[in-house]
Amino acid sequence: RTRCIFFPSTMFVGSLSSVAMIGVGAVFVLRGAMTLGDLIAYRGYWWQLMGPLFSLSSINDMVQRAIAAGSRVFELLDEPEEIRDAPDAIALDTVRGDVQFKNVSFAYRARDYVLRDISLHIPPGGSLAIVGPSGSGKSTLLSLIPRFYDPQEGAIFVDGHDIRAVTQRSLRSHIGVVLQDTFLFNETVLFNIKYARPDATMEEVIAAAQAANAHGFITELPQGYDTEVGERGVKLSGGQKQRISIARAFLANPQILILDEATSAVEPESEFIIQEALERLMKGRTTFIVSHRLSMVRNADVIAVIDDGRIVELGSHAELMQNGGLYAEMYRMQMGEEWAEATAAPASMGQDL
């Protein structure tokens, strides 16, 4: 409001004074009280005065916008944290990766449940794939593991510890996340990989990049690992950004791994390379996978099918295909009837095929 009043008012007064000066000066020139040169000189002095005033009004315009934006930013920063450590919270020094959901229900708004009565157990080193229609609660379920939210009912346990009874920093230090939308800083490739562990050596960074199938394309960049990637990695392709994200996860070396649509935003020619890197990353780690591409999830130890916030099917790929439920229907729609029947066949039959 201040901006809309002040800036036009300043311009109006300045323009009005210019018109008045020329009008009065013209009268003086006609009466012989001053010469035309005097009027032109006077107008030059006027502009030397009004030019800085217009600049000041523009600065004030920016200041007013900054004040309005800043107040909203600080309003957000001053919001109290909803997720806090318990006063007697303990730190998890080591984690085996045993994760258990016990009757977990969650709602973003009171009583409007997104997840209902979820019970799952993933042993150390196991893999759980979560599939289902869009909006069924898959990503929300994964967000509960690092305590981005707390469930309204039930509890989540890591190695037998209720995650609400451990510190958030220690819990999240054992969790690695590879998301669909990879965030890269406007910094070098080296900085973005080392963000997972700033004290890592160059040899460790290169080893992580090699494991992520990223070392090859990094060495081909103009300055190699010292190449700046631009804001949000704009200078890299989607597949390259994702491989840097995977290298970051390798360097962090977490025991619990979350893959949320990790291959959905990459070009087809990079998908196989990324899947190979992800399979290498998953070895020996407790892994949670969310993907609309069911070819990514069929090798998981257990597949949970979620619909409308509830687990409607649970089992291996072969078991769910034999059941002929929602998973089998989704798989056939995506992969084709003939291929679905072949992949649902027993292992020996699959080898013959």
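**Close-up views of a predicted model**

**View 1. A charged group placed over an aromatic ring.** In this predicted model, the charged end of Lys102 sits over the ring of Phe157, at 5.1 Å from the ring centre. Phe157 also stands opposite Asp162, a residue of strand 5. Strand 4, which spans residues 153-158, pairs with strand 5 in the antiparallel sense, and two bridges connect them.

View 2. The four strands follow the order 2-1-4-5, and their pairing is antiparallel. Strand 2 (112-122) and strand 5 (161-162) are the edge strands, each of which pairs on one side only. In general, the strands of a sheet pair through backbone hydrogen bonds, in either a parallel or an antiparallel sense.

View 3. Strand 3, comprising residues 127-131, is mostly covered, with five of its five residues buried. Ser127, Ala129 and Val131 point one way from the strand, whereas Leu128 and Ile130 point the other way; all are buried. Strand 8 (residues 286-290) runs parallel to strand 3 and is joined to it by four bridges. Strand 9 (residues 302-307) likewise pairs with strand 3 in the parallel sense, over four bridges. The bridge partner of Ile130 is Val290 in strand 8 and Ala304 in strand 9.

**View 4. The largest nonpolar core and another core apart from it.** The largest nonpolar core has 46 residues, of which Ile193, Ile246, Val297 and Tyr327 touch the most other members. Helix 8 (residues 238-252) contributes the largest share of this core, namely six residues. In soluble globular proteins, nonpolar side chains tend to be buried together.

**View 5. The surroundings of Ile246.** With residues up to four places away in sequence left out of the count, Ile246 touches Val178, Ala212, Ile274, Ala277, Leu278 and Leu281. Ile246 is also one of the residues that touch the most other members of the largest nonpolar core.

View 6. Ring pairs link Phe183, Phe185, Phe191 and Tyr195 into a cluster.

Terms used: Residues numbered from 1 in each chain as written. Predicted model: local features only at pLDDT ≥ 70, side-chain atom pairs only at ≥ 80, totals over all residues. Heavy atoms only, no water. Phe/Tyr/Trp six-rings, centres within 6.5 Å; stacked < 30°, edge-to-face > 60°. Lys NZ or Arg CZ within 6 Å of the ring centre and 35° of its normal. Core = buried A, V, L, I, M, F, W, Y, C linked by side-chain atoms within 4.5 Å. Buried < 20%, exposed > 50% of the residue type's maximum accessible area, 1.4 Å probe, protein only. Contact = heavy atoms within 4.5 Å. Pairing = 2+ DSSP bridges.
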